[in-house]
There are 2 protein chains.
Amino acid sequence: MAAEAERTAVPPAYPCPPTRRRGETLERAIFDAVFDQLQAVGYVGLTMEGVAARAHTGKAALYRRWPRKEDLVVDALEHALPSPSNLPDHGDMRDDLLDLLRRMTAMLNSPAGCALQCLMSETERDESFARLLHERVKEPRKRMFLDLLARGAARGQVRPTAATPLVAEVGPALVMQRFLADGAPVPDDYVVSVVDDVVMPLLRP
Amino acid sequence: MAAEAERTAVPPAYPCPPTRRRGETLERAIFDAVFDQLQAVGYVGLTMEGVAARAHTGKAALYRRWPRKEDLVVDALEHALPSPSNLPDHGDMRDDLLDLLRRMTAMLNSPAGCALQCLMSETERDESFARLLHERVKEPRKRMFLDLLARGAARGQVRPTAATPLVAEVGPALVMQRFLADGAPVPDDYVVSVVDDVVMPLLRP
């Protein structure tokens, strides 16, 4: 009887959001809630319900767009990182590199960076998530640095043999190591030093 | 009555080790057991009992030397890494760098590297352990790379302004990032490429 009642019970109404929010504002609140949940309960503990509650929205709104929590988490990270469609273009190699490395650092120094750190450690054994993170988050950002170098080489600002994936990796690897070793914030003078004392000397024609 | 019996019961004898082992052999078995336990149950799950059982030794033997598990874990890691008292000295900057970076990579490619990865993620919020890891494991190895550069500069093999902590960090940071991104093994041709295509070009006088 109890089971029957359970089956026929009307599902509880989701709490109404305090205001109707659309598009970017709601998306921003959801992504912030993702980072908040990642820090508070980790990836394993993160639930669609928890994110919805934290973002003051309904669970259904989340499921409509993100069928699985991994899609939501990866979208949130991707959104916090520099977009590959928006490569810096100051006409100067140093300025472009510094701009892109600063954008990456700003993400690490934000709640998204802290969430990324939790995530990297927790999902290390989750191969399917690690692959998603690699394809959607890491690879496109690596590619951005390589694209900067290739463009610099085409303009004669970069020694052509230096426009390689390995050299492109140097700046982000140093910033990431510093972040993992000492935590946030990675100071701006460190980023400047990485560009001026390491990356630029490798690129000069 | 049962409780009374429990309180007065003779503690169970520890299983006898299959053979009497002394010094290095026993130490090696203990450190191997530490890495094994770190991979199997993580740092939080690792116990002196578990390590003793896995190494076929008594818990008392462990406690005599390592009062706390953090001391044991840090000693095990330190032992698996290149020793600061044994800086490579081939008389050639490239050979020295490649030697040291290969030793570091060999550790990452071993069970100790896998254990280190678990450890880094799990102890991220344990400030006291993170500090111990920093002081006893990370800093002395960073220092080794800097010492190599300083010696190279003194010999005229390295541009003096390149013998800095930041430049010293480049090789290890790239190998570490590769390890964290793609897991073990980090291939030797990657290590060679880091030395020849990135670090050496930064050092040339």
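A salt bridge, for these notes, is a side-chain nitrogen of Lys or Arg within 4 Å of a carboxyl oxygen of Asp or Glu. I am working from a predicted model, where local features need pLDDT of at least 70, side-chain atom pairs count only at pLDDT 80 or more, and totals for chains, interfaces and linings use all residues. Residues are numbered from 1 along each chain as its sequence is written, chains are lettered from A and ligands numbered from 1 in the order in which they are written, and side-chain values use heavy atoms, with hydrogens and water left out.

**Entry 1: salt bridges**

I began in chain B, where B:Arg54 forms a salt bridge with B:Asp36, with 3.2 Å between the closest N and O atoms. This pair links distant parts of the chain, since I found B:Arg54 in helix α3 (residues 48–54) of chain B and B:Asp36 in helix α2 (residues 23–45) of chain B, 18 residues apart. Helices here are DSSP runs of H or I with at least four residues, strands are runs of E with at least two, and both are numbered from the N terminus.

I then asked how accessible the two partners are, using these classes: buried is under 20% relative accessible area, exposed is over 50%, and partly exposed is in between (1.4 Å probe, protein chains only). B:Arg54 is partly exposed at 48% relative accessibility, and B:Asp36 is partly exposed at 26%.

Next I moved to chain A and found A:Lys59 and A:Glu49 joined by a salt bridge of 3.1 Å, N to O. A:Lys59 lies in helix α4 (residues 59–65) of chain A and A:Glu49 in helix α3 (residues 48–54) of chain A, so the pair ties together parts ten residues apart in sequence. A:Glu49 counts as partly exposed, at 40% relative accessibility.

A:Arg136 and A:Asp75 also meet in a salt bridge, at 2.6 Å, N to O. Because A:Arg136 is in helix α8 (residues 127–154) of chain A and A:Asp75 in helix α5 (residues 69–80) of chain A, this pair ties together parts 61 residues apart in sequence. A:Arg136 is partly exposed, with a relative accessible area of 27%.

I also noted a network of salt bridges linking A:Asp89, A:Asp96, A:Arg151 and A:Arg155. Over all chains, my search of the whole structure gave 36 salt bridges.

**Entry 2: chain A as a whole**

Chain A has ten helices and zero strands. Of its 205 residues, 43% are buried.

**Entry 3: where the chains meet**

How many residues of chain A are in contact with chain B? I found 24, in contact with 24 residues of chain B, where contact means heavy atoms within 4.5 Å. In chain A, A:Glu124, A:Leu166 and A:Gln177 lose the most area to chain B, together 26% of what that side buries. I looked for salt bridges across this interface and the rule finds zero. α7 (111–122), α9 (165–182) and α10 (188–203) of chain A each supply at least two residues of the side that touches chain B. The largest share of that side, ten residues, comes from α9(A).

**Entry 4: cysteines**

B:Cys118 is buried at 7% relative accessible area, whereas B:Cys114 is partly exposed at 30%.

Technical notes:
Buried area is the accessible area (1.4 Å probe) that two parts lose on being put together, summed over both.
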